[in-house]
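Take a look at the protein below. We will walk through it piece by piece.

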Amino acid sequence: MGGLRLLAVALTCCCWPPGSQGKTLRGSFSSAAARDAQGQSIGLFEFHGDHALLCVRITNIAGAIAKEAKLYLYQAHEWIKLQENNDHYSCSEILSKAQITMTINQTEHNLTVSQIPSPQMWHVFYADKFTCKDDNENSQVEDISFEMMLLNPDAEGNPFDHFSAGESGLHEFFFLLVLVYFVVACIYAQSLWQAIRKGGPMHGVLKVLTTALLLQAASALANYIHFSRYSRDGTGVPFMGSLAEFFDIASQIQMLYLLLSLCMGWTIVRMKKSQSRPLQWDSTPASTGIAVFIVITQSVLLLWEQFEDASPHRRHSHHLARSLLIVLRVGLALSFGCGLYQIITVERSTLKREFYITFAKGCILWFLCHPGLACISIIFSDYQRDKVITMGVILCQSVSMVILYRLFLSHSLYWEVSSLSSVTLPLTISSGHKSRPHF
């Protein structure tokens with residue numbers, strides 16, 4: 001299992017998707033691209049309020065007028081209907097069904113998009129007089145460079161906010177999260193470092209748990225840096241956004257590795273183990289193979305989810321990746337919960353039973369927070385669901401880490417339980433046990 005983490009991190013580094021696009025868009029309006037796709041996709045944005053603004057600037061006015069360049073805006077639900085019935089509509093009919101059409105014949109255009117009563121996602125497309133023609137030669141004309149800003153009203157009602165409705169509040173959330181991490185580090189870093197330096201039976205657990213926590217903190221910091229820049233220019237630092245996702249996935253892998261190391265022995269070969277050592281890690285070929293499979297499966301699903309999340313045509317695939325992740329986590333939670341329940345019901349020692357119960361709370365909370373929040377988010381509006389899941393999962397996983405830290409750093413409980421029978425604790429280093437975990 002020691003090399004498994006390196007394999008997973010290497011896989012993540014090699015397959016990482018590019019940073020997501022911001023809300024200050026730069027590029028070229030292409031007649032050829034618009035003709036091939038029956039409308040060139042420019043971007044999407046969740047406008048809110050009654051003073052939302054789309055601002056587009058171009059340099060080649062003569063070319064835009066000659067091509068009769070236009071922007072077409074579709075509400076998300078209407079665009080989905082058109083996609084589902086694409087075969088029933090001609091190119092011109094699809095363009096005619098746009099909720100908003102804007103002719104591009106000036107250097108700068110400002111379009112107010114009112115969103116009353118609730119925020120909605122809008123798709124922005126470019127098309128011109130060549131888009132719906134069969135003549136391919138006329139579409140091979142010069143592209144039009146553009147800069148487009150998609151803005152929502154700020155607290156004062158002015159259209160200066162680069163965050164879409166689904167992103168608003170995340171900047172403040174990550175600021176508070178980084179602040180909490182900093183304060184907690186100032187208070188507990190020294191004592192935690194001393195506990196790790198002492199070694200002992202829980203040394204391996206604390207190292208892996210601390211690594212996962214540091215990766216989570218690094219993810220929060222990278223997100224805060226990205227959103228801080230994003231709030232000013234609508235582009236942010238895409239590299240920092242991708243780095244934040246990388247740190248988050250690495251943290252997920254670390255925690256999965258830790259929990260599998262603590263639990264896989266009794267979930268896979270529990271019946272063969274003596275009751276005196278119910279949580280001892282046993283690196284048999286079967287348990288190691290299943291652990292490798294689970295970690296790689298989660299890594300692939302997390303990467304798939306991130307790729308689809310960055311894609312403008314992500315709706316069904318993104319939900320499939322997320323659904324598979326939820327199924328995996330629910331399955332792991334049920335497996336670990338059933339195993340721990342069997343151990344707790346036959347355990348006579350009150351101290352050890354409390355130890356297992358507390359461990360079960362932290363373990364199951366880690367796995368079930370995402371599925372649980374995904375179910376709860378259904379009661380919220382579409383634009384709020386991703387925010388609820390994102391912030392809720394981070395908070396719940398932080399609570400799970402705190403539970404595990406309190407469990408393994410509790411000197412009195414640890415001394416009493418370990419003095420009764422140190423080999424019954426998870427990941428203990430016993431001289432009589434040949435198969436010890438390697439970190």
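What follows covers a pair of strands, a pair of helices and some aromatic rings.

Keep in mind that this is a predicted model.

Start with strand β3, residues 70-75. Is this strand mostly covered or mostly open? Mostly covered. Five of its six residues are buried. Its partner is strand β4, residues 100-103. The two strands run antiparallel, and four bridges join them.

Now turn to two helices. Helix α6 spans residues 170-197, and helix α12 spans residues 382-409. Their axes come within 13 Å and cross at roughly 10 degrees. Angles under 35 degrees count as roughly parallel, so α6 and α12 are roughly parallel to each other. Which residues meet here? From α6 come Leu-170, Phe-173, Phe-174, Leu-177, Tyr-181, Leu-192 and Ala-195. From α12 come Lys-387, Met-391, Ile-394, Leu-395, Ser-398, Tyr-405 and Leu-409. The residues of this contact divide into 12 nonpolar, one polar and one charged.

Last, look at the rings. How many aromatic pairs does the whole structure hold? A search finds 13. One of them joins Phe-29 and Phe-146. These rings are stacked, with 4.2 Å from centre to centre and 5 degrees between the planes. The pair links distant parts of the chain, 117 residues apart. Phe-29 sits in strand β1 (residues 24-29), and Phe-146 sits in strand β6 (residues 144-153). Both Phe-29 and Phe-146 are buried.

Rings also gather in a cluster. Phe-163, Phe-173, Phe-174, Phe-227 and Tyr-230 form it together.

Notes:
Residues numbered from 1 in each chain as written. Predicted model: local features only at pLDDT ≥ 70, side-chain atom pairs only at ≥ 80, totals over all residues. Heavy atoms only, no water. Buried < 20%, exposed > 50% of the residue type's maximum accessible area, 1.4 Å probe, protein only. Pairing = 2+ DSSP bridges. Axes fitted to C-alpha atoms, helices over the stretch in contact; angles between N-to-C directions. Parallel < 35°, antiparallel > 145°, perpendicular 65-115°, else oblique. Contact = heavy atoms within 4.5 Å. Nonpolar A, V, L, I, M, F, W, Y, C, P; charged D, E, K, R; others polar. Phe/Tyr/Trp six-rings, centres within 6.5 Å; stacked < 30°, edge-to-face > 60°.
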